[in-house]
Amino acid sequence: MTLSTASADTAAPQVTPRAPVHWAWRWLSPAVGVALFAAAVLVLNAELREVEYADVRRSMQGLPASSILLSILFTAANYAVLCAFDLLAFRYVGRSLTSWKVAVASFIGYAVANNVGFAIISGTSVRYRFYSRWGLQAEEISRIVVFYSGTFWLGFLVLAGFSLAVDPHPGIRSFLGPLAVALIGWTLLASGAAYAAAAALHRGPLRVGRWTIPFPPMRMVAWQFILSTVDWALAAGVLFALLPRTELTFWEFLSAFLAAQILGLVSHVPGGVGVFEGTMIVLLDGYLTPGRLLSSLLLYRLIYYVLPLAAALVILVVDELRLRRHHFARWGNWFGSVTQQLAPRVLAMFIFLAGALLLVSGATPTEPHRLAWIDRHVPLVLVEAGYLIGSLAGVGLLIVSHGVARRLDIAFVFAATWLSLGIAASLLKGADYEEAALLGGLLLALFASRPAFDRKADFWAARFSPGWTFGVVAVVGAAVWLGVFAFQHVEYSGDLWWRFALRQDAPRALRATMLAVVLMLAFGVLRFLRPAPPTIALPTDEELDAARALIDTQTSTVPYLVYLRDKTLLFSEDRRAFLMYAVQGRTWVAMGDPIGDPRAVTGLIRRFFELCDDFGGVPVFYQVGKEKLHQYADFGLAFAKLGEEACVDLKGFNLDGAEKKPFRLVLNRFGRSGMSFRVAPVEEVPALVPRLKEVSDAWLEEKRASEKGFSLGFLSADYVRRFPAAMVEEEGRLVAFASVWPGPGRAELSVDLMRYRPDAPRNVMEALLLNLMLWGRDQGYTRFNLGMAPLSGLEPSPVAPVWTRIGNFLFQRGEALYNFQGLRTYKDKFHPSWEPRYLAYPGGLALPRITADVSALIAGGYRGIFRRGRGGG
């Protein structure tokens with residue numbers, strides 16, 4: 001039922017949403033990525049010292065259209081092969097879904113993962129949203145992820161091993177030595193062969209501790225090798241097709257390409273930007289000049305990374321338009337709310353890229369042949385203003401991309417404004433209609449997704465993630481470097497700042513870049529000087545009154561936990577539903593299912609997700625029923641069974657029959673003891689609080705326990721005065737009591753905060769419960785809720801999830817930690833019906849940490865988890 005971190009008569013403390021847990025890691029990982037990116041920029045700067053910007057531009061313009069077309073065809077074929085990874089994975093887990101549905105979800109996942117970085121995490125999160133909605137369980141999705149991730153690396157083992165063993169790149173051979181290179185190559189080949197041999201010879205699944213990993217059949221293993229090898233070869237072919245023809249063989253190029261890809265993946269820089277380019281320029285230095293290679297690398301970025309991401313955005317926006325137009329017609333039913341969640345995030349990536357494009361454009365020279373047209377049609381003052389407006393819009397788009405990902409309505413307005421200014425700036429500063437067209441297409445996609453931006457929240461309230469922060473720093477730094485590279489032939493002098501002429505690109509680029517740097521520094525200082533985020537507010541009297549009106553519309557008694565005032569209330573935007581939550585570390589735990597109008601529940605869950613996302617929290621729903629599991633699944637949550645809740649049917653409850661004889665004996669002994677039972681109405685309870693506190697303190701002292709919270713009641717005057725009290729008295733002395741939860745509409749009756757004196761007779765609480773059930777039956781209540789038996793009802797099985805097997809083990813053998821079986825046996829003698837209760841969480845490997853955080857919430861802190869005794873009622 002409920003508990004709190006507060007003492008008997010004090011309110012629970014407020015909690016700040018920012019958690020120190022893993023703070024260093026969340027900043028260290030992006031910082032390392034930026035450091036590697038900076039190192040790559042330094043390498044590029046050294047390698048390109050003798051290269052001029054004009055040479056790179058001419059080299060890019062000189063690439064034949066046939067090479068570009070071939071590269072695009074290789075890209076399409078490569079993504080088709082990547083989609084086949086997922087199709088093969090579905091066959092591996094024995095699930096059947098429409099092939100094109102899997103292919104679309106897979107394509108979007110790979111397009112996002114290739115550009116965002118952390119491919120396993122980002123790509124998996126995208127797939128999880130789709131696959132969980134299509135009925136796959138968390139365990140099945142995990143097996144799919146492991147399978148396609150393994151498939152991905154098999155081709156690398158084959159191609160990297162073969163290229164290093166047979167025809168390694170001369171630079172790699174000279175750096176590592178011929179013997180070491182050959183040894184690495186044959187080791188990689190042997191690793192792939194070992195996997196194939198294990199699949200062929202091993203009978204049954206591979207067991208690693210409690211993990212069971214079934215080997216795929218040999219035919220499927222063969223397809224893994226074929227698909228993965230073709231994947232890596234095609235990915236390399238995309239860039240190889242863009243290179244000028246030299247004596248460089250494909251196998252020599254392949255070893256350099258694989259080495260650069262690995263360094264890019266390890267760096268976790270989004271898409272390996274800079275790291276991949278720097279490595280390729282160093283390794284291919286003897287075959288191609290840096291200027292010619294850089295032009296091919298830039299086109300490779302556009303074709304292999306940006307084009308698929310643009311296609312993914314088109315798919316998501318079109319699906320969202322069809323979803324609204326046809327009201328969940330066939331396509332909409334298949335993809336549901338997933339596209340509404342993903343489209344803003346992909347849009348945010350493009351808006352970030354648009355900001356980078358404007359900054360890069362402002363730092364580079366204008367096309368010479370367009371200057372004459374500008375001279376005739378655009379006044380110089382507008383050209384100069386165009387550069388400054390472009391920098392302003394570029395910085396604005398970088399900043400607002402964070403709010404677009406959070407679906408803020410104000411972010412939509414700002415993004416549309418900055419894109420419009422960016423279009424105007426592109427045309428003014430260089431008649432750059434291509435750039436303006438790209439920004440215009442993005443603006444149309446933004447307007448097409450307008451209904452998704454329905455969050456009315458403070459743009460500045462949320463934390464700006466470390467990855468986003470370092471990404472902005474990297475973009476601005478890259479724009480500065482590009483400006484220096486493009487105008488390295490111009491000697492710097494103080495009067496450059498004040499030169500205003502049509503053919504003075506360097507001064508304009510200098511002023512525009514400096515404006516961008518100043519704006520970003522100002523933004524950083526303002527963010528740093530902002531007050532700390534507000535603490536999570538506990539409910540006011542007005543909020544409790546609004547919650548009570550919604551509680552009265554349903555039948556459960558669990559929502560009465562709201563009156564503990566140790567949880568924050570979150571209402572739907574129309575205030576037709578609410579949920580209550582508390583924060584422990586990074587885990588944001590909602591207690592039970594949302595309460596109120598079922599039509600408002602989905603929007604409320606989404607609002608909770610977005611609030612968690614704003615502050616880097618992990619959304620969790622604790623003790624939820626089976627009725628709303630599909631709604632949590634729509635948001636990509638996985639489930640772990642917590643136990644089962646016992647409910648006694650009061651309509652047919654009586655003490656007749658042989659099986660009820662123990663109950664009759666308990667009540668007969670109770671009657672002969674001289675004790676009496678009564679239910680004190682709410683009006684009497686405030687005057688009874690001192691007597692209740694006396695019994696409660698004695699009980700806590702005897703149990704050597706402390707008050708709990710969150711899902712267990714604690715004794716505070718404000719809480720207990722709201723409910724009747726079931727009391728056992730002996731000659732006017734209070735012996736035992738329980739707070740009574742009378743459910744709305746007399747549908748459910750329950751108790752919380754059950755306490756008794758140390759010298760109370762044996763079975764006094766059983767007598768109290770029996771008397772209360774008889775009282776509830778006579779009052780017309782339908783059922784009596786005995787609460788949950790933790791970890792009960794978890795069936796052991798060789799194919800059961802790890803959590804289920806661990807939970808069943810604790811239930812069977814964990815009596816030293818908690819009376820799991822004893823509690824189930826005690827409640828079972830009332831012959832209840834049992835209903836499962838679940839934990840809904842984001843899945844993955846976070847369950848142990850989430851379990852610890854929830855336990856700490858209930859116990860009043862991590863130390864409370866290990867205190868002896870039980871403090872709940």
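This is a predicted model: local features need pLDDT of at least 70, side-chain atom pairs count only at pLDDT 80 or more; totals for chains, interfaces and linings use all residues.
Residues are numbered from 1 along each chain as its sequence is written, and side-chain values use heavy atoms, with hydrogens and water left out.

**First stop: H3 and H9.** Select residues 65-93, which form helix H3, and residues 218-240, which form helix H9; helices here are DSSP runs of H or I with at least four residues, numbered from the N terminus. H3 and H9 pack at an angle of about 160°, with their axes 9 Å apart, where axes are lines fitted to C-alpha atoms over the stretch in contact and angles run from 0 to 180 degrees between N-to-C directions. The two helices are therefore roughly antiparallel, a term that applies to angles over 145 degrees. In the contact (heavy atoms within 4.5 Å), look for residues of H3 including Phe74, Phe85 and Arg91, and for residues of H9 including Trp223, Leu227 and Asp231. By class, this contact comprises 15 nonpolar, 6 polar and 2 charged residues, with Ala, Val, Leu, Ile, Met, Phe, Trp, Tyr, Cys and Pro counted as nonpolar, Asp, Glu, Lys and Arg as charged, and the others, Gly among them, as polar.

**Second stop: H8 against H9.** Gly192, Tyr195, Ala196, Ala199 and Ala200 of H8 make the contact with Met218, Val221, Gln224 and Phe225 of H9. These residues divide into 7 nonpolar, 2 polar and no charged.

Select residues 661-672 (H24) and 764-779 (H27), which pack at about 105° with axes 10 Å apart. That angle makes H24 roughly perpendicular to H27, the range for this word being 65 to 115 degrees. Phe663, Val666, Leu667 and Phe670 of H24 meet Glu766, Ala767, Leu770, Asn771 and Leu774 of H27.

**Last stop: the cavity.** Finally, select Leu359, Gly362, Ala363, Ser391, Val476, Ala479, Ala512, Thr513 and Ala516, which line the largest cavity; a cavity is a set of points on a 1 Å grid over the protein atoms alone where a 1.4 Å probe fits but cannot get out, and lining residues have an atom within 4 Å of a point. H20 (505-529) is among the helices that each supply at least two lining residues, and H20 gives the most, with 3. The lining has 6 nonpolar, 3 polar and no charged residues.

Technical notes: On a 1 Å grid over the protein atoms alone, a cavity is a set of points where a 1.4 Å probe fits but cannot get out, and a pocket is an open set with protein on both sides within 12 Å along at least five of seven lines; lining residues have an atom within 4 Å of a point. Angles under 35 degrees count as roughly parallel, over 145 as roughly antiparallel, 65 to 115 as roughly perpendicular and the rest as oblique.
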